[in-house]
Amino acid sequence: MTLILAALDGELTTIRSALIKPEERDWRGLPVVCGSLPGTRGASTEVVVGRTGVGKVQAALLAQHLIDRHDPERIIMAGVAGSLRNDLDVGDAVIATATVQHDIDVTSLGFAPGAVPYTNYHVVACDPLMPSIASRLVRQARERIVTGIVASGDQFIDTPEVRARLARVYDAACVEMEGAAVGFVAHVNGVPFSLLRIISDHANGKAANFKEVLELAASRVWHYLSQMIPFGEESDRVTAQEE
Ligand code: ADE
């Protein structure tokens, strides 16, 4: 079973409408839907789809609950992000190679920016499967798809100064508010984690029409994920590397 998470309902609309035999329930006010998703080559995959709400705490909370309850084989988080690279525009995709919490800062005690003090957790690697599939998607896509580090924190970034700092300090491609929290929980539980982000803005205060962007992001998320089902097929890794 694959666990699919997003922060907002608007990021999940296309996935939810593609679900076969959806069964919806509620956990502590958060909607969770079980079902299966159709994929390529006639295959389908069992999924649980959860909406975490915004921010690292809520995201970690639902991720841990759904891991305990469903024991997923993998977790995929998807949604929007602010671009930290000048060559990434609205609608482009970032597939995370790793995540980092940009708002944990104990540098005054000598810890590196983003390091979780007294642990080995700093920049947490994602499952290499999705970045390896990215090379196949890149050739078929009209929009730009890149792989890179995703920085997460409990702020909506909207100033050029903070944007420049995050890009420089973390070498991150984009910024959002949940990915590193779910990546951390997944890592601690030994569950492979993938993160797909569609650029919604430039993290500089000049945000586009958010409602329209959410619709665009939801359709792009499903466009890419549907090409990856059944997730985790060994042939995908081989094909991507051989091409
Ligand atoms: N998600 C989408 N855009 C964002 C931004 N600029 N900062 C934080 N999270 C975001």
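A backbone N or O atom of Gly82 lies 3.3 Å from a nitrogen atom of the ligand; a polar contact here is a pair of N or O atoms within 3.5 Å. This is a predicted model, in which local features need pLDDT of at least 70, side-chain atom pairs count only at pLDDT 80 or more, and totals for chains, interfaces and linings use all residues. Residues are numbered from 1 along each chain as its sequence is written, and side-chain values use heavy atoms, with hydrogens and water left out.

A backbone N or O atom of Ile157 lies 2.9 Å from a nitrogen atom of the ligand. For Asp201, a polar side-chain atom lies 2.6 Å from a ligand nitrogen. The protein covers 96% of the 260 Å² of accessible area that the ligand has on its own (Shrake-Rupley method, 1.4 Å probe).

Now the shell. Residues around the ligand (a heavy atom within 4 Å) include Val80, Ala81, Gln155, Phe156, Val175, Glu176 and Met177. S5, S9 and strand S10 (193-201) each give two or more residues to this shell; strands are DSSP runs (E) of at least two residues, numbered from the N terminus. The largest share, 3 residues, comes from S5.

Follow S9 next. Strand S5 (residues 74-83) runs antiparallel to S9, joined by 2 bridges; strands pair if DSSP finds at least two bridges between them. Strand S8 (residues 145-152) runs parallel to S9, with 4 bridges. Cys174 of S9 is the bridge partner of Ser83 and also of Val150.

Key:
A polar contact is a pair of N or O atoms within 3.5 Å; within protein, one must be able to donate a hydrogen and the other to accept it, and residues adjacent in sequence count only if both atoms are side-chain atoms.
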